[in-house]
Amino acid sequence: MDQAPSPLNRKLDHYRWSLPIIVTSLGVTHALVSRVALENYGADVQAGFVIVVYALAGLLLWLALPALAGWFLQKAIDARLEPGAEERRLAAIVETSGEAIVSTDDRGRMVTWNRGAERLLGYRQNEIWGRPLSDLLGSSGGGELECRWLLENVAQAGQVFGHETTAHDNEGRALFVSLTASALRGTDHRWQGMSLVLREVTSHRRREEEIKRIYEGLNKEVAERTGQLGQKVDELGRANLQLQRLDQMRSEFVSLVTHQIRAPLTNMAGAVSRMQSGCLVVNSTCGR
């Protein structure tokens, strides 16, 4: 108990002596007021009873405070004897999380690697420690550029959320992942690196690509059908124009034939009329 902070000792000691005095004073005051108010109803007996009750309450409180002080002091000692307990609990949560969680230093080198990351990417902690994050994002220059972009944006904005990229496991296979990066800062708010949570979205990306492929196929088929329909419309237009021309030719032919037949028929009709009126007796002229 000597290890407890001295301000806590002084505060508990103050409460130990002041609270019983306050409670007893309240009891005496209440008794005096009750005596004045109830003079004709046995006020002396009532006042004495109230004083005894408050005195007992103050005594019990005085006896209980050392136990409370011991409990508070023990809690303070336990807290001092177990520094970093909260940090260890959080570290255990991160270690056993199903999500792949990786942390880097301020230069992008990986320093922690939980079991979720082992299951996702196949590397163990001792295999990946100290290696640059760009090794996961691709050994080419693109991986280094993406790692530098992540470091700069997380250092400035504090977080990069939902960044989709490609990570490579220990066998070199490419995995589509959704990445969320958060800044790691010390108690002095200095930039110390970043924490990354990776979630595989390979199956989701493949479904999106399949949907995109089907959509593109449908668009291509629609375009082909539209082109075929356009060709059919053009053919119908040409056939309609040809029918209009044929109809015009038919009309002209009928008009011509009608004109050519009508003229001799008119002459014949006139000749027959003259024959009916002037050829009462058949002669050579009427015969012709």
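How many bridges join β3 to β4? Eight bridges join these two strands, which run antiparallel. The structure is a predicted model, in which local features need pLDDT of at least 70 and side-chain atom pairs count only at pLDDT 80 or more, while totals for chains, interfaces and linings use all residues. Residues are numbered from 1 along each chain as its sequence is written, and side-chain values use heavy atoms, with hydrogens and water left out. Helices (H or I, at least four residues) and strands (E, at least two) are DSSP runs, numbered from the N terminus.

**The sheet**

- Five strands form an open sheet in the order β2-β1-β5-β4-β3, with antiparallel pairing; two strands count as paired if DSSP finds at least two bridges between them.
- At the edges stand β2 and β3 (159–168), each of which pairs on one side only.
- On average, neighbouring strands of this sheet are turned by 30° against each other, direction ignored; the axes are lines fitted to C-alpha atoms, for helices over the stretch in contact, and angles run from 0 to 180 degrees between N-to-C directions.
- Strands of a sheet pair through backbone hydrogen bonds, either parallel or antiparallel.

**Strand pairs and the helix across them**

- Strand β1 (residues 100–105) is joined to strand β5 (residues 191–200) by six bridges, and the two run antiparallel.
- Within that pairing, V102 has L196 in β5 as its bridge partner.
- T166 has its bridge partner in β4, namely F176.
- A hairpin is formed by β3 and β4, with five residues between them; G172 in the turn has a positive phi of about 85°.
- Helix α7 (residues 141–157) lies across β1, β3, β4 (174–185) and β5, and runs at about 165° to β3.

**N114, a buried residue**

- N114 is located in the loop between β2 (110–113) and α4 (115–121).
- N114 counts as buried because its relative accessibility is 2%; buried means under 20% relative accessible area, exposed over 50%, and partly exposed in between (1.4 Å probe, protein chains only).
- A polar atom of the N114 side chain lies 2.9 Å from the backbone oxygen of E99.

**R119, an exposed residue**

- R119 belongs to helix α4, and its relative accessible area of 57% makes R119 exposed.
- R119 touches S97 and G98, not counting residues up to four places away in sequence; contact means heavy atoms within 4.5 Å.
- The C-alpha atoms of R119 and E99 are separated by 9.4 Å, although these residues are 20 residues apart along the chain.

Methods
Polar contact = N/O pair within 3.5 Å; in protein donor to acceptor, adjacent residues only side chain to side chain.
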